[in-house]
Amino acid sequence: MESTTPLLTAPVVANLRQRLDVDSTDLIRRYQQTLHENMFTNRSTRPAMLARIATDEVTIFLSFLENPLREVAQARGAHLCDVGLSELSVLGLSETTRQFFLGRLHNDLIVPTLQAIDTYHQAVIQGFLQNREKVILTEQERIRSALQRTLGRFTVQFEAAAGVASATTTILDLDKLLNTAVELIRERFDLYYVGFFLIDE
């Protein structure tokens, strides 16, 4: 763990904690609004997840102010990447935090608080960007595997269709043709049972 240097004095942290105790529901609401506004820029975040993300953000940010461990903020950024937030959403959380405190602090608290916010969000963004490459590679591999499975399935289908088409041009006896087609399909798709059902006119 990195050594911690207090970003804020104990009285300043106490003031911010008191402010959050009074107004945390407003900050959570603002976070949710920001996340909702950027919803369509996210990869896979569902609307039902926004309240939890917003609530956790308040808790983790306050914890960081009291004990400024950079790796905790980086882990938060990595988590936000994992749940599918976009860069716009993460930057929006940062801007929302700044705006929230700017409107509620006395002048002597503004500069140190903004410095603490910036330190926290720089670490969050760093963790987000470091994790994003891993997430993208994992998603690309999952897409590649799905495409290979689909192509394999189509190949088997085309081979079965070609085999049946070839049989129809060379076998004139209907019973033999049907048995050959059934066996071709069963073998190509590795099925236990295949049957043809003929209907009358």
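Student: What should I know before I start?

Tutor: The model is predicted, so local features need pLDDT of at least 70 and side-chain atom pairs count only at pLDDT 80 or more, while totals for chains, interfaces and linings use all residues. Residues are numbered from 1 along each chain as its sequence is written, and side-chain values use heavy atoms, with hydrogens and water left out.

Student: Which residues have the most contacts inside the largest nonpolar core?

Tutor: In soluble globular proteins, nonpolar side chains tend to be buried together. A nonpolar core is a set of buried Ala, Val, Leu, Ile, Met, Phe, Trp, Tyr and Cys residues joined through side-chain atoms within 4.5 Å; buried means under 20% relative accessible area, exposed over 50%, and partly exposed in between, with a 1.4 Å probe and protein chains only. Here the largest core has 39 residues, and Leu 80, Leu 85 and Phe 101 have the most contacts inside it. Helices 1 (10-37), 2 (50-66), 3 (70-82), 4 (87-102) and 5 (107-170) each give two or more residues to this core, and helix 5 supplies the largest share, 10 residues. Helices (H or I, at least four residues) are DSSP runs, numbered from the N terminus.

Student: How do helix 1 and helix 2 pack?

Tutor: Axes are lines fitted to C-alpha atoms over the stretch in contact, and angles run from 0 to 180 degrees between N-to-C directions. Contact means heavy atoms within 4.5 Å. Helix 1 and helix 2 pack at about 150°, with axes 8 Å apart. That makes them roughly antiparallel, a term for angles over 145 degrees. Among the residues making this contact are Leu 20 and Tyr 31 of helix 1, and Ile 53 and Val 58 of helix 2.

Student: And what is the angle between helix 2 and helix 3?

Tutor: Helix 2 and helix 3 pack at about 165°, with axes 10 Å apart, and are therefore roughly antiparallel to each other. Ile 53, Asp 56, Glu 57, Ile 60 and Phe 64 in helix 2 meet Arg 70, Ala 73, Arg 76 and Leu 80 in helix 3.

Student: Is Gly 77 buried or exposed?

Tutor: Gly 77, found in helix 3, counts as buried because its relative accessibility is 0%. Leaving aside neighbours within four places in sequence, Gly 77 is in contact with Val 124, Gly 127 and Phe 128. Gly 77 and Ile 125 are 48 residues apart in sequence and 5.7 Å apart in space, C-alpha to C-alpha.

Key. Angles under 35 degrees count as roughly parallel, over 145 as roughly antiparallel, 65 to 115 as roughly perpendicular and the rest as oblique.
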